[in-house]
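Subject: Structure handed over, with notes on what was found

Dear colleague,

Please find below the structure I promised to pass on to you. My notes follow it, and I would be glad if you read them with the structure open.

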Amino acid sequence: MDSTPEVESLDSDNTSINNNILAGTSSPSAASASTPSRYENQKRRDWNTFGQYLQNHRPPLSLSRCSGAHVLEFLRYLDQFGKTKVHTPVCPFYGHPNPPAPCPCPLRQAWGSLDALIGRLRAAYEENGGNPETNPFGARAVRLYLREVRDLQSKARGISYEKKKKRKTPPPQQQQQQQ
């Protein structure tokens, strides 16, 4: 039996120790300074996944020829791997956040996951030499699609996606008067 899966399932303490050994350092802080953050790791994985998608596209696409339409195609492709139940308008549980029974409605990618994914890919595109003005992840069509998904899922799942209001701090003159 191969022991590789056991090695990969080590907890984070052992992983950082192994990273230290591989990096030739003895202190955990030295390795953690060079270890990418969870966000950076996810961004790299997302970027690689999108690159694979472009390579597997028929015909294969180069990044320079990629448009907002290709990004939308990628997002729709990802929907098949979603885990969020999105009720259809004909479903009796449409608009219910916690349905009492199972239903045949499709599983989709959650809006928040898609929104975060696009944010990471947008940053990765620019970090990999892409021009911000031609970033396909920031295309108007992508923004409109995300807004449409958010609104549809909000209605279908009975969940509000309203932005949280930030508390305004009074201007400096008012702060001095209050003291």
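A residue is called buried here when its relative accessible area is under 20%, exposed when that value is over 50%, and partly exposed in between. By that rule Phe 50 counts as buried, because its relative accessible area is 1%. Please keep in mind throughout that this is a predicted model.

Of the 179 residues in the chain, 27% are buried.

Aromatic rings

Ten aromatic pairs are present in the structure. In one of them, Phe 50 and Tyr 53 are stacked, since their ring centres lie 6.4 Å apart with the planes at 25°, and planes under 30 degrees apart count as stacked. These two residues sit three residues apart in helix α4 (residues 38–56), which means that about one helical turn separates them. Tyr 53 is buried as well, with a relative accessible area of 13%.

A second pair, formed by Tyr 125 and Phe 137, is edge-to-face, with 6.2 Å from centre to centre and 70° between the planes. Because Tyr 125 belongs to helix α6 (residues 111–127) while Phe 137 belongs to the loop between α6 and α7, this pair ties together parts that are twelve residues apart in sequence. Tyr 125 is buried at a relative accessible area of 8%, and Phe 137 is buried at 1%. Ring pairs also join Phe 50, Tyr 53, Tyr 125 and Phe 137 with Trp 47, Phe 74, Tyr 77 and Phe 81 into a cluster.

Leu 63 is located in the loop between α4 and α5 (68–78) and, with a relative accessibility of 27%, counts as partly exposed.

Salt bridges

The structure holds four salt bridges. Lys 43 takes part in a salt bridge with Glu 40, in which the closest N and O atoms are 3.3 Å apart; the two residues are three apart in helix α4, and therefore separated by about one helical turn. Lys 43 is buried, with a relative accessible area of 3%, whereas Glu 40 is partly exposed at 34%.

Lys 43 also meets Glu 127 in a salt bridge of 2.5 Å, N to O, and since Lys 43 is in helix α4 and Glu 127 in helix α6, this pair ties together parts 84 residues apart in sequence. Glu 127 is exposed, with a relative accessible area of 52%.

Asp 46 and Arg 120 form a salt bridge too, at 2.4 Å from N to O. Asp 46 is in helix α4 and Arg 120 in helix α6, so parts that are 74 residues apart in sequence are tied together by this pair. Asp 46 is buried at 9% relative accessibility, and Arg 120 is buried at 16%. Through shared partners, salt bridges join Glu 40, Lys 43 and Glu 127 into one network.

Surface charge

Finally, Arg 122, Arg 140, Arg 143 and Arg 147 form a positive surface patch, to which helix α7 (residues 140–157) gives the most, with three residues. Arg 147, found in helix α7, counts as partly exposed because its relative accessibility is 44%.

With best wishes

Note on methods:
Residues are numbered from 1 along each chain as its sequence is written. This is a predicted model: local features need pLDDT of at least 70, side-chain atom pairs count only at pLDDT 80 or more; totals for chains, interfaces and linings use all residues. Side-chain values use heavy atoms; hydrogens and water are left out. Patches are made of residues with over 30% relative accessible area and no salt bridge: like charges are joined within 9 Å, nonpolar side chains (Val, Leu, Ile, Met, Phe, Trp, Tyr) within 5 Å. Accessible areas come from the Shrake-Rupley method with a 1.4 Å probe; for residues, only the protein chains shown count as cover. A salt bridge is a side-chain nitrogen of Lys or Arg within 4 Å of a carboxyl oxygen of Asp or Glu. Lys and Arg count as positive and Asp and Glu as negative; His and the chain ends are not counted. The place of a charge is taken as NZ of Lys, CZ of Arg, CG of Asp or CD of Glu. Helices (H or I, at least four residues) and strands (E, at least two) are DSSP runs, numbered from the N terminus. Buried means under 20% relative accessible area, exposed over 50%, partly exposed in between (1.4 Å probe, protein chains only). Rings of Phe, Tyr and Trp (its six-membered ring) pair if their centres lie within 6.5 Å; planes under 30 degrees apart count as stacked, over 60 as edge-to-face and the rest as tilted.
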